[in-house]
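Trainee: Could we go through this model together? I would like to begin with the overall picture and then turn to single residues.

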Amino acid sequence: MPSLEITTSRQFPAWLAEQKLSLALTTYQIGKLFFIGLKDNGELSIFERSFNRCMGLCATANGLYLSSLYQVWRFENLFTQGEQQDGYDRLYLPQVGYTTGDLDIHDLAVAADGRLIFVNTLFGCLATLSETHSFKPLWRPPFSSRLAAEDRCHLNGLAMKDGRAAYVTAVSRSDVVDGWRDHRADGGIVIDVNTNAIVAEGLSMPHSPRWHQGRLWLLNSGTGEFGYVDLTAGRFVPVSFCAGYLRGLAFHGDFALVGLSKPRHNRTFSGLALDENLRSRQAEARCGVQVIDLRSGDAVHWLRIEGVVDELYDVVALPGVRRPMALGFKTDEIRRVVSIEG
């Protein structure tokens, strides 16, 4: 069986302890949800569960949402405050599954009213869950002539602001089936969901927009740059170059957690500025997570994944959690976990 090796910078576990933080990561490549936390002795804890083509991930007050091949799962933490089992302080149970069909769901977020909003990439729209249908559309880009299962512009990222959908990223403004692939190098855009205005353009396969500390941050994946959008000037301002194809972005205080992937050797990932940016720095693309200090732009810590996993999709910070775990469907364990609502 192919191996999986996870290594970190020397101070990464101590940083997790100091920040009282753990992480959750998804990789659709092998269909795994990873939890990165700390054991009682301060060593790294790595816990994984299998969910077919898992991608989008977001945290709620006491749980998680996860998108998979044709379902969205809502996880609930079964532990009460201070409760532990075998050193784990969170136990996430897949409580509710919504069957959506294969919509190629990317980013997920929870609105102030409790609704889940997700990027329906196949149909090129923002949507929410439906009790009776695959999805309920909420918004689509102004250049999109109709809802069609054609992945026209590759809408992929969602930034929330004040509990509402605020900005989205797309690889292009194409309005024909699979049209985005012809504009990977510089067709990327950021759209203001509330005004329909394009607030930044000329990006290369942008992903993971996030609003944090009064700024709209994102990953310019095709160049390997993490930065923010100057909304006044309408341009992307790079802060750090990361050695990989970037997807997945979370924040914790003054730190950004950036997901890195090794680019696939196919047409989607070839011919991008990232190739030359790596060459000029004599760097190889890597898979993992880089911790960037927003005050300096320096990469202060890192986690590296080698072996069977080459690509990540999402990265989520779990503040106040030391060592999380989850139940899946591959073992009988889930049959024996029963909880009673008080």
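Trainee: What radius of gyration does the protein have, and why does it agree or disagree with a compact globule?
Mentor: The protein has a radius of gyration of 19 Å, which agrees with a compact globule, because a globule of 342 residues would be near 20 Å. The radius is taken over C-alpha atoms, and the globule rule is 2.2 Å times the number of residues to the power 0.38. Please note that this is a predicted model, in which local features need pLDDT of at least 70 and side-chain atom pairs count only at pLDDT 80 or more, while totals for chains, interfaces and linings use all residues. Residues are numbered from 1 along each chain as its sequence is written, and side-chain values use heavy atoms, with hydrogens and water left out.

Trainee: How many helices and strands are there?
Mentor: The protein has 2 helices and 26 strands. These are DSSP runs numbered from the N terminus: helices are H or I with at least four residues, strands E with at least two.

Trainee: What share of the residues is buried?
Mentor: Buried residues make up 56% of the 342. Buried means under 20% relative accessible area, exposed over 50%, and partly exposed in between, using a 1.4 Å probe and protein chains only.

Trainee: Which residues have the most contacts inside the largest nonpolar core?
Mentor: They are Phe12, Ile36 and Leu257, in a core of 23 residues. Such a core is a set of buried Ala, Val, Leu, Ile, Met, Phe, Trp, Tyr and Cys residues joined through side-chain atoms within 4.5 Å. Elements that each supply at least two residues of this core include α1 (12–19), β3 (32–38) and β22 (255–261). Apart from it lies another core, of 22 residues, among them Phe79 and Tyr92.

Trainee: And which residues does Ile36 contact, leaving aside its neighbours within four places in sequence?
Mentor: Among them are Ile6, Phe12, Leu16, Leu44 and Leu303. Contact means heavy atoms within 4.5 Å.

Trainee: Where is Gln213, and how accessible is it?
Mentor: Gln213 is in the loop between β17 and β18 (215–220). It counts as partly exposed because its relative accessibility is 48%. Gln213 also has a positive phi of about 50° without being a glycine.
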